[in-house]
Amino acid sequence: MEKLVSNWYKVGSVPENYIFPQETRPGNLHVPMIGEGIPVIDLSEADRSLTIQKILKASQDFGFFQVINHGVPERLMEETMRVLKEFFELADGAKQHLYSEDFKSDCVLFTSCMNYGNEKVHQWRDFLKHSCHPLHKWQHFWPENPPRYREIVGACSAEVKKLTGRILGLIGEGLGLKNGYFDDDLTERVILSAHQYPPCPDPSLTLGTRVHVDANIITILIQDHVYGLQIFKDDTWLGVPPNPHAFVVNIGAFLQVISNDKLKSVKHRVVTNTNKFRASAGFFVTALDDSIIKPAEAIIDDKLNPAVYKPFTAKDFISHYFKSDGDVGATYNHFKA
Ligand code: OGA
Ligand code: NI
């Protein structure tokens, strides 16, 4: 437990094994906020084809968008973030049993990432991670404290699963895929990773989450009111303004492949700050290990739009991604047609 950043973050300076190499440090922390620029999609908009167009354009240009009027009760989002915060605030003794350095356990409380033992530099964050779909299969592994944890996070997970189906329905229709393309095994795994980013004495030296793309189908994220998430667009870092009542949606690497590079899985990272705890809850929606990921038949065309990738299993991609130390370019290359 003493490894958790929240147990020692009040140090005077950033420990050496948290200092990122010069070229991957945050640099200028005052990056522009793309409040206007990052597309905000209103899901209550009556014109379905307009919504589809907006989502597709956002997914091509940014790989990211926020959704509002999404139908998930705002109160439930707030309660979810509150109960996660309460979990992290429990005394060590009350969460000790979930602390684990073994990523085969389903529900784990840990720090940085599951590659802690092999990474050169650690990330300035703690997290709680567990599966959340189907609920009945996983819920009994979840924290029993705070007492409302299972009920609130369960309700939120179910809502997020529904919302994901809706968003992927719109994306599938926009791409010209058959109805229900993403149902079943492509979205049968949902993992919640709840992050806590403690204040940091020098945010210019380290990162809360290092640069990466999400190796999944799609991510649906709640952020609290503290800024930190940045995306890489047109060779610069842009901030995603926090809106605790919106979901930040981002296209995962598998969806980029299925769309044959029409949609983009964009690099992103999280910076720290000197005085506030930041929290986020990411629902990572992804395929089962043995699911085949490949450019969708309906999209490719031997002459006009040949497949950019050969088929692969979800687990092969993940294993290459980790072996390449998170170099997604190298991973894509490995699976190029
Ligand atoms: C991630 C991620 C963003 C955040 O865990 O993949 O991008 O705001 N997190 O915590
Ligand atoms: Ni991410």
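**Entry 1: Thr-187.** I began with Thr-187, which is buried at a relative accessible area of 5% in what is a predicted model. I looked up its place in the fold and found it in the loop between helix H5, residues 149-175, and strand E5, residues 189-197. Leaving aside residues up to four places away in sequence, I listed what Thr-187 touches: Lys-161, Leu-168, Phe-182, Ile-217, Val-285 and Thr-286.

**Entry 2: Asp-235.** I noted another positive phi in a residue other than glycine at Asp-235, where the value is near 65 degrees. Asp-235 sits in the loop between strand E8, residues 229-233, and strand E9, residues 236-239, and with a relative accessibility of 68% it counts as exposed.

**Entry 3: cis peptide bonds.** The bond from His-133 to Pro-134 is cis, with omega near -10 degrees, and Pro-134 lies in the loop between strand E4, residues 126-131, and helix H4, residues 135-138. The bond from Asn-145 to Pro-146 is likewise cis, with omega near -5 degrees, and I placed Pro-146 in the loop between H4 and H5.

**Entry 4: the nickel ion.** Which residues coordinate the nickel ion (ligand 2)? I found His-212 through NE2, Asp-214 through OD and His-268 through NE2, at 2.0 to 2.1 Å. Along the sequence these donor residues follow the spacing H-x1-D-x53-H. I also checked the accessibility of the aspartate among them, and at 4% Asp-214 counts as buried.

**Entry 5: Leu-76.** I moved to helix H2, residues 74-89, where Leu-76 has its place. Leu-76 is buried, with a relative accessible area of 14%; it touches Ile-152, Ala-155, Cys-156 and Glu-159, when residues up to four places away in sequence are not counted. For Leu-76 and Glu-159 I noted a separation of 83 residues in sequence, while their C-alpha atoms are 9.4 Å apart in space.

**Entry 6: the protein as a whole.** The protein has eight helices and 14 strands. Its radius of gyration is 19 Å, close to the 20 Å that the globule rule gives for 337 residues, so the protein is as compact as a globular protein of that length. Taken along the principal axes, its C-alpha atoms fill a box of roughly 60 × 45 × 40 Å.

Of the 337 residues, 52% count as buried, and the accessible surface comes to about 15200 Å², of which 52% belongs to carbon and sulfur atoms. Among contacts with a separation of 6 or more, 76% are accounted for by residues 24 or more positions apart. Finally, I looked up the charges: the mean positions of the 36 positive and 41 negative charges are 1 Å apart.

Terms used:
Residues are numbered from 1 along each chain as its sequence is written. Chains are lettered from A and ligands numbered from 1 in the order in which they are written. This is a predicted model: local features need pLDDT of at least 70, side-chain atom pairs count only at pLDDT 80 or more; totals for chains, interfaces and linings use all residues. Side-chain values use heavy atoms; hydrogens and water are left out. Helices (H or I, at least four residues) and strands (E, at least two) are DSSP runs, numbered from the N terminus. Buried means under 20% relative accessible area, exposed over 50%, partly exposed in between (1.4 Å probe, protein chains only). Contact means heavy atoms within 4.5 Å. The radius of gyration is taken over C-alpha atoms; the globule rule is 2.2 Å times the number of residues to the power 0.38. Accessible areas come from the Shrake-Rupley method with a 1.4 Å probe; for residues, only the protein chains shown count as cover. Lys and Arg count as positive and Asp and Glu as negative; His and the chain ends are not counted. The place of a charge is taken as NZ of Lys, CZ of Arg, CG of Asp or CD of Glu. Donors are N, O and S atoms within 2.8 Å of the metal (3.2 Å for Na, K and Ca); water is not among the atoms, so sites may look incomplete.
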